[in-house]
Amino acid sequence: MSSGSKKNASLPQDNASENENLPKEVREWDTGDVVQWLHSKGIEEQIKKGFKDQKIDGLCLMEGLTDAELHSCNVITVGEKRGIKRQIAALVGNVRSVKVPKMAVKPKALNVEEKQDLLMRRRKVHRKIVDAFPGNQIPIFRGNASAMRRFEDAIGACKHLLNDAIGYDEEELRRHAKAILDERRRMVKHGYDYEDQGTSSTDNDVEVQENVSSKPISVKDSSEDKDDSEDDSSEDQSEDENKSLPTSLPGGVDNVPLSTAETILLSYFKKAYTKEIKKDVHLVPLCHKLKIKNAKAKDKNDLIIVLAKELLTQQIVILKKDANFFFLHKDSICVTKTFD
């Protein structure tokens, strides 16, 4: 018998009875519960000690551990690391390693009714996520057990809104919820105050966004302001008025939300996915055309936001009257000109 088989034979069998006292939800485990689970799996003492020293709890297991983090827990060899990862994956039901990447599957084309249904579901999810995390204090979740519980509770409250037929499955729900919180965190960083809107603790984001959607950024047709009795001398005055471009954005925000900015740039460059828009190929040259300085020093997301705002204020891109600024769709965007 080989030495490897002898080692495997010496490992204790998985003792399910030792796990009976563990909380049913892995996210509720503390470090002691994790060590108890490791013991039931026959994991070596130095590894259990490493998990204890590093204070690995159930949320850490659910989020996944990197090779560097496992190394700090005394999991040294490649085989040990992969073995521990398989055990954790089996525990939390994580099968991401065998899933087909989402982008590899061509998304289903939705009809008008399905698009409206998806938009309705996303709005309701938006409300529930904001209810769970109101105001300006959006927590960082890694290592924050309390915040993670609130997030999981919010996800649970949204599960009745899932609809796999239109692509809004649980994975997309989680991605959407995280994007909402990331966007709110970004807006707070740029100076937007969600607590100073004269609303309840939920911020009533959906209602606010629907209200500001009636204030599109669009080119005003000077002919609508002309009186039939005016003579040709009034044309100069109308031309001067048209030179005055809008300087504010809907809702009183100073910056375009990232999701809205991405939609504007996708329409401008006629791309299907944001990853197709390259900083050096698309964004920096457009910054030069629009005379935006220090383009190369900014990261891609910041450039997208800056460019979207500039395209709107220069009326190179205009929004239709029925456009919702915070839930913008490419069909609501008109590009008036492009640069060669």
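**Figure 1. Contacts across the whole chain of the predicted model.** Among contacts (heavy atoms within 4.5 Å) with a separation of 6 or more, 62% are made by residues 24 or more positions apart. The chain holds 14 helices and 2 strands, which are DSSP runs numbered from the N terminus, H or I over at least four residues for helices and E over at least two for strands. Of its 340 residues, 36% count as buried, a term that stands for under 20% relative accessible area, with exposed meaning over 50% and partly exposed lying in between, for a 1.4 Å probe and protein chains only. Because this is a predicted model, local features need pLDDT of at least 70 and side-chain atom pairs count only at pLDDT 80 or more, whereas totals for chains, interfaces and linings use all residues. Residues are numbered from 1 along each chain as its sequence is written, and side-chain values use heavy atoms, with hydrogens and water left out.

Figure 2. Two packed helices are described by the angle between their axes and the distance between the axes. Helix 7 (112–132) and helix 8 (residues 145–158) pack at an angle of about 150°, with their axes 10 Å apart; axes are lines fitted to C-alpha atoms, for helices over the stretch in contact, and angles run from 0 to 180 degrees between N-to-C directions. The two helices are therefore roughly antiparallel to each other, on a scale where angles under 35 degrees are roughly parallel, over 145 roughly antiparallel, 65 to 115 roughly perpendicular and the rest oblique. From helix 7, V125, K128, I129 and A132 meet R150, A154, A157 and C158 of helix 8. By class, this contact has 6 nonpolar, no polar and 2 charged residues, where Ala, Val, Leu, Ile, Met, Phe, Trp, Tyr, Cys and Pro count as nonpolar, Asp, Glu, Lys and Arg as charged, and the others, Gly among them, as polar.

Figure 3. The axes of helix 8 and helix 9 (residues 170–189) come within 11 Å and cross at roughly 125°, so the two helices are oblique to each other. Here F151, E152, I155 and C158 in helix 8 meet L173, R174, A177, K178 and L181 in helix 9. The residues of this contact divide into 6 nonpolar, no polar and 3 charged. H176, also found in helix 9, is buried at a relative accessible area of 4%, and, leaving aside neighbours within four places in sequence, H176 is in contact with R122, V125 and Y168.

**Figure 4. The largest nonpolar core.** A nonpolar core is a set of buried Ala, Val, Leu, Ile, Met, Phe, Trp, Tyr and Cys residues joined through side-chain atoms within 4.5 Å. In the largest, which has 32 residues, I264, L265, L283, L286, L307 and L311 touch the most other members. Helix 12 (258–269), helix 13 (279–289), helix 14 (300–313) and strand 1 (317–319) are the elements that give two or more residues to this core. Not counting residues up to four places away in sequence, I264 touches V256, A308, L311, L312, V317, L328 and I333. Apart from this core lies another of 20 residues, among them I138, A154, L173 and L181.

**Figure 5. Two loop lysines with positive phi.** Most residues other than glycine have a negative phi. K55, in the loop between helix 3 (45–53) and helix 4 (58–63), has a phi near 55° and counts as exposed at 62% relative accessibility. K270, in the loop between helix 12 and helix 13, has a positive phi of about 60° and is exposed, with a relative accessible area of 74%.
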